[in-house]
Amino acid sequence: MIMLEKIWKNLREKGDAPAYLCETQQLSYQALGEWAGRLCRNLQKRFSPGIPILLYGHKQPVMAAAFLACAFGGFPFVPVDSSTPKERLRAILASARPQGLLAAEPLRAEKIPLLSPEVLEQICQGGEAVPLPFPARKMDELFYIMYTSGSTGAPKGVMVTCENLDSFVSWMTALFPQKPAVVVNQAAFSFDLSVADFWPALFWGAREYTLSRRTQRDYPALFSQLESSAGELMVLTPSFASLLLADQSFCAQRFPMLKTIFFCGETLLPKTAQMLLKRFPGLRILNAYGPTECTVAVTAAEIGEKEASAALLPVGNPKPGMEIRIENEGRLAEEGEEGEIVLVGDSVAAGYVGTELYATSFGMRNGKRSYCTGDLGWMENGVLYCKGRLDSQVKIHGYRVELQDVEKNLSALPSVAEVVVVSREDRNGRTVRLVGFVRLGDGQNQTKRQLQALLAQRLPEYMCPEIRFIQAFPLNENGKYDRKRLKEIADGKGDFAADPRNWE
């Protein structure tokens with residue numbers, strides 16, 4: 001693997017240069033290489049290459065060492081964040097069937113060999129230095145298994161190969177003619193957006209500066225760490241960027257080193273891009289697209305002022321080795337015609353754990369692996385546009401409604417900064433009402449009635465949601481809008497931090 005060979009060289013040659021930081025803990029390239037080397041030797045004595053090992057924790061430095069130890073030792077790894085509910089962890093264990101479990105935080109496990117936090121620390125930090133072996137990986141070997149949510153309620157394990165990851169990192173790093181010195185990580189390691197910062201950072205020989213869960217929930221600490229990071233590249237979800245933009249101090253004057261933000265995982269709204277370009281003149285915004293099943297991202301578009309003024313932002317041209325097909329009812333769609341986005345090529349993963357390749361959305365096109373995304377989009381002059389999910393459609397009073405359609409129209413109102421629309425169902429599961437959670441822009445004081453009147457000029461009555469003001473949107477562990485929590489709020493099952501006008 002080209003990626004691992006470059007990282008192997010950096011670990012040997014960059015010495016005291018900082019490699020990984022989380023809160024107050026920092027590892028140099030030499031120390032990270034030594035930790036990973038000792039752990040890799042230990043794993044080789046305990047386990048068999050090619051069989052998964054589950055890595056449980058958050059962003060502790062030992063997690064970084066564990067990723068490298070598995071990568072260089074030939075062990076596919078399954079990253080699971082310590083915030084994962086116990087039942088979901090049990091489901092992942094039952095699915096992945098790991099031969100061992102490395103825990104950076106306390107965890108009880110039955111019938112699975114477990115290396116506790118104390119044992120991991122002792123292995124990594126104790127004894128003489130052990131060099132990491134040169135990476136002799138085959139391209140069709142599994143590199144990691146990333147679990148994502150499934151429509152059945154059970155998590156799905158996406159099997160990503162060495163070829164998949166090597167292709168992604170090669171493309172990702174080529175997007176930066178001048179490599180960044182500091183890469184800021186937001187996403188948990190159990191969310192594949194983190195792959196876009198961790199492996200490229202080590203490939204570049206840069207510093208991977210991680211924002212812990214605790215830091216992200218402490219606004220003053222978050223901004224303080226971002227400031228001290230001197231981050232040049234941030235890899236974020238659009239929701240997290242909106243959270244940062246809610247504070248006026250998130251601007252070039254306070255963060256002069258910030259040069260690029262790489263977005264993926266959600267739809268980037270034009271308003272978010274416009275505000276970023278206003279706060280950070282000259283900022284490079286990369287709007288990427290791709291599901292976990294296709295190794296983080298397969299397209300990227302640069303968003304400047306011209307692109308940000310459009311109603312829908314492009315997500316870009318396909319990376320080398322990938323073909324984008326728009327299929328409509330079994331046929332290839334015409335230029336500009338909407339249809340399902342189907343991805344074909346070397347970024348498509350090997351399938352899901354425990355399922356046959358052809359028994360899922362995975363398949364073959366022209367002798368290459370393909371994945372039917374379930375996303376609606378179209379191609380225009382070789383550029384992909386993604387409109388939303390095919391399954392985000394609800395039916396209300398007999399009418400079909402795309403929730404993202406309502407969100408985009410509500411977001412287009414001048415006073416609206418952020419919006420999420422959810423549906424409310426009755427006991428029979430029928431949609432009876434739409435609820436739009438709205439955060440107004442700074443200095444805006446429109447009432448719900450005024451917003452609904454403006455929205456009525458853009459949408460038919462059946463598409464106009466009940467509006468609720470909110471000061472801060474709840475985010476899930478992946479830094480995306482927590483739509484499940486918002487649905488609970490809409491159903492009256494919980495309290496939320498809302499604007500007092502919500503009760504007028």
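Is E232 buried or exposed? E232 counts as buried, at 11% relative accessibility. The close-up views below come from a predicted model, in which a search of the whole structure finds 19 salt bridges.

**View 1. Salt bridge between K259 and E232.** The closest N and O atoms of K259 and E232 are 3.9 Å apart. K259 has a relative accessibility of 46% and counts as partly exposed, whereas E232 is buried.

**View 2. Salt bridge between E141 and R137.** The two side chains meet with an N to O distance of 2.6 Å. R137 has a relative accessible area of 8%; it is therefore buried, the limit being under 20%. E141, at 25% relative accessibility, counts as partly exposed.

**View 3. Salt bridge between R325 and E323.** The closest N and O atoms of R325 and E323 lie 3.9 Å apart. This pair counts as a salt bridge because the cut-off is within 4 Å. R325 is buried, with 17% relative accessible area, while E323 is partly exposed at 33% relative accessibility.

**View 4. Network of salt bridges around R325 and E323.** R325 and E323 also belong to a network of salt bridges.

Key
Residues are numbered from 1 along each chain as its sequence is written. This is a predicted model: local features need pLDDT of at least 70, side-chain atom pairs count only at pLDDT 80 or more; totals for chains, interfaces and linings use all residues. Side-chain values use heavy atoms; hydrogens and water are left out. Buried means under 20% relative accessible area, exposed over 50%, partly exposed in between (1.4 Å probe, protein chains only).
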